[in-house]
Amino acid sequence: MTTDVWLPFAPEEIPGLPSAADHGLTYRFWDGGDTFPADPADCAFYVVPYLKGAEIAVRPLAGMARAEVVQTLSAGVDHVQAGMGPLHPGVRLCNARSVHEASTAELTLALILASLRGIPRFVEGQRQEEWRSGFYPALADKTVLIVGYGSIGSAIEDRLAPFECARVLRVARSARDTERGPVHPLAELLPSLLPEADVVVLSTPLTEATRGLADAEFLARMRDGALLVNVARGPVVDTKALLAEVESGRLTAALDVTDPEPLPAGHPLWHAPGVLISPHVGGSTSAFLPRAKRLLARQLTHWTAGEPLDNVVYTTA
């Protein structure tokens, strides 16, 4: 009986993979095509195809009777975890921590700077041949609040460091201390932290606790003129409540993710004042492939050696 590893890249393109012959493995290439590369029942290590959607991601899971590891190439795992019910107990789900931090943090800074400095207005002015000079906000002297201070949140703060922000406030599920300062618990977010921030960055995973986190009450606590940046997941924000705030002109927003997603033609977010939208490209850069391949080589080396895996976020019961 073969022990299969399903990969979304050709195995010869991944430096450092464990030897198939030495470990009794068969590497199978599957990037979400209509036909499976082999019987899913023989797959022990499944790497989920990247950016192919939840339906494709979970399609082979029901047949993976020998699965031991499900490895995503995304930071979020909500699209996969929901489909792991048929798997036997003890299957580990791992996310792609270390793959997307650089790209997502870069985009976060790009969205903040573009929104504050009026870049969309300048682009439109160039199209119209209009010289739209004026006085625009700077990131310098602003207070930035990062909601979801994991590896991506920390990478965002790394890139904020040269911009002379007045303060960076950090929020995670539970309190802890870091070299840069305290991380506040989520319970402190509404009453004391939101009113202090000029820029609020959402970089939290989508869980039941964070679904709809940025609701009408959350947004109402933000100070007048503040910028909301969402690089997390679309459903972390209540779209209807956000539309009410941006259409009033009280808040602005920069969104790499939306709810619904993809954003359909005719949706009011497309033309809402003060809203900048990028099409969920936080991790989709030239930095992705080398980091993803390093992660897979490392994880498979751990697995074949019987060592603990990195980034285990869920285990089937």
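Buried here means under 20% relative accessible area. The legends below describe close-up views of a predicted model.

**View 1. Strand 1 and the residues that point from its two faces.** Thr 3, Val 5 and Leu 7 point one way from strand 1, while Asp 4 and Trp 6 point the other way, and all are buried. In a regular strand the side chains alternate between the two faces of the sheet. Strand 1 is mostly covered, with five of its five residues buried.

**View 2. Strand 1 with its partners, strand 2 and strand 3.** Strand 1 pairs with strand 2 (residues 25-29) in the parallel sense, over five bridges. In this pairing Trp 6 stands opposite Arg 28 of strand 2. Strand 1 also runs parallel to strand 3, and three bridges join the two. Here the bridge partner of Val 5 is Phe 45 in strand 3.

**View 3. The ring pair of Trp 6 and Tyr 46.** The model has eight aromatic pairs. In the pair of Trp 6 and Tyr 46, the ring centres are 6.2 Å apart and the planes stand at 85°, so the pair is edge-to-face. The pair links distant parts of the chain, since Trp 6 lies in strand 1 (residues 3-7) and Tyr 46 in strand 3 (residues 43-47), 40 residues apart. Trp 6 has a relative accessible area of 0% and is therefore buried. Tyr 46, at 0% relative accessibility, also counts as buried. Ring pairs link Trp 6, Trp 30, Phe 36 and Tyr 46 into a cluster.

**View 4. Cysteines without a disulfide.** A search of the whole structure finds zero disulfides. Cys 43 counts as buried, at 0% relative accessibility. Cys 165 is buried with a relative accessible area of 18%.

View 5. Strand 12 (residues 252-255) and strand 13 run parallel and are joined by three bridges. Leu 255 stands opposite Ile 277 in strand 13.

**View 6. The largest nonpolar core.** In soluble globular proteins, nonpolar side chains tend to be buried together. The largest nonpolar core has 32 residues, of which Leu 145, Val 200, Leu 202, Phe 218, Leu 219, Met 222 and Leu 228 touch the most other members. Elements that give two or more residues to this core include strand 6 (143-147), strand 7 (167-172), helix 7 (189-193) and helix 8 (216-221). Helix 9 gives the most, with four residues.

**View 7. Leu 202 and Asn 230.** Among the residues that Leu 202 touches, not counting those up to four places away in sequence, are Val 147, Ala 214, Phe 218, Leu 228 and Asn 230. Asn 230 is found in strand 11. Is Asn 230 buried or exposed? Asn 230 is buried, because its relative accessible area is 1%. Beyond four places in sequence, Asn 230 touches Leu 202, Val 237, Ala 254, Leu 255, Asp 256 and Val 257.

Definitions and conventions:
Residues numbered from 1 in each chain as written. Predicted model: local features only at pLDDT ≥ 70, side-chain atom pairs only at ≥ 80, totals over all residues. Heavy atoms only, no water. Pairing = 2+ DSSP bridges. Buried < 20%, exposed > 50% of the residue type's maximum accessible area, 1.4 Å probe, protein only. Contact = heavy atoms within 4.5 Å. Disulfide = S-S within 2.5 Å. Core = buried A, V, L, I, M, F, W, Y, C linked by side-chain atoms within 4.5 Å. Phe/Tyr/Trp six-rings, centres within 6.5 Å; stacked < 30°, edge-to-face > 60°.
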